Amino acid sequence: MKFFIDSADVEEIKSLVPTGFVDGVTTNPTLIAQSGRRFEEVIAEICALVPGPVSAEVAALDLEGMLREGRYLAKIASNVTIKVPLTIAGLKACRTLTDEGTLVNVTLCFSAAQALLAAKAGATFISPFIGRLDDVGEIGMNLIHQIVDIYKNYPNLTTQVLAASIRSPLHVIESALAGADVATLPPKTLRQLYQHPLTDKGIDIFLADWKKTGQSIG
Ligand code: E4P
């Protein structure tokens, strides 16, 4: 499973790259607004830090606007992945941009039917939003299972399932169990994956006992 970081905070991403677990990055208009910085600059800086796919979302809702913005953003770096919303215009833009050789992430997916259409439109990634479904009383993870199962039935569909709107390590574990190709994690969630109080406690105990031996290694 690949891990993307869901953030437009360049310093935060820079701090996580050395972990070796950053396979890509996703941004969205909300994250760009939170950064308080110019969109193109942020995307260019992230693309220079992370060789994997870096999602940059169009703001236009019409096909022509999406294509214009998508082609403009795609010129920033070869790893820019154009994010389009799951609307009929977004799906058409996905097909055109994919045919032009651009990576495309179809976002705001809330149903298996939508995911099937995104795959037929040639999307590189489909982003089902787990947390936002949980927020409205549905079980977001069921959607990941459905999409993974459907795609498995059609090996000619090459779209990767990118579990998005992840809020906890449990979402990551369940996405991995379901067979999602990618999970995009808020920086805090990536850190939570490797932190465990019993690991810390175990280190304290071993260190105290090691000191009693009076030995050193090497
Ligand atoms: C990913 O591409 C999405 O932008 C992101 O995961 C949305 O997460 P949220 O629902 O926590 O805002």
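Select Ser165 and the ligand. In this predicted model, a polar side-chain atom of Ser165 sits 2.7 Å from an oxygen atom of the ligand. Now look at how well covered the ligand is. Alone, the ligand would expose 340 Å². The protein buries 85% of that.

Next, pick Asn28. One of its polar side-chain atoms is 2.6 Å from a ligand oxygen atom.

Which residues surround the ligand? They are Asp6, Thr26, Asn28, Lys83, Phe129, Arg132, Ala164, Ser165, Arg167 and Thr184. Colour them by type. The shell splits into 2 nonpolar, 4 polar and 4 charged residues.

The space the ligand takes is the largest pocket. Its volume is about 300 Å³. There are 18 lining residues, and those closest to the pocket centre are Asp6, Asn28, Leu31, Arg132 and Ser165.

Colour the lining by type too. How many of the lining residues of the largest pocket are nonpolar, polar and charged? The lining has 6 nonpolar, 8 polar and 4 charged residues.

Last stop: select residues 29–35. This is helix H2. Which share of the lining of the largest pocket comes from helix H2? Helix H2 gives the most, with 3 residues.

Note on methods:
Residues numbered from 1 in each chain as written. Predicted model: local features only at pLDDT ≥ 70, side-chain atom pairs only at ≥ 80, totals over all residues. Heavy atoms only, no water. 1 Å grid on protein atoms, 1.4 Å probe; cavity = no way out; pocket = protein on both sides within 12 Å on 5 of 7 lines; lining within 4 Å. Points joined across faces, edges and corners; volume = space filled by probe spheres on them. Helix = DSSP H or I, 4+ residues; strand = E, 2+ residues; numbered from the N terminus. Nonpolar A, V, L, I, M, F, W, Y, C, P; charged D, E, K, R; others polar. Near = heavy atom within 4 Å. Polar contact = N/O pair within 3.5 Å; in protein donor to acceptor, adjacent residues only side chain to side chain. Areas by Shrake-Rupley, 256 points an atom, 1.4 Å probe, with all protein chains shown as cover. Sits in = over half its atoms within 2 Å of the grid points.
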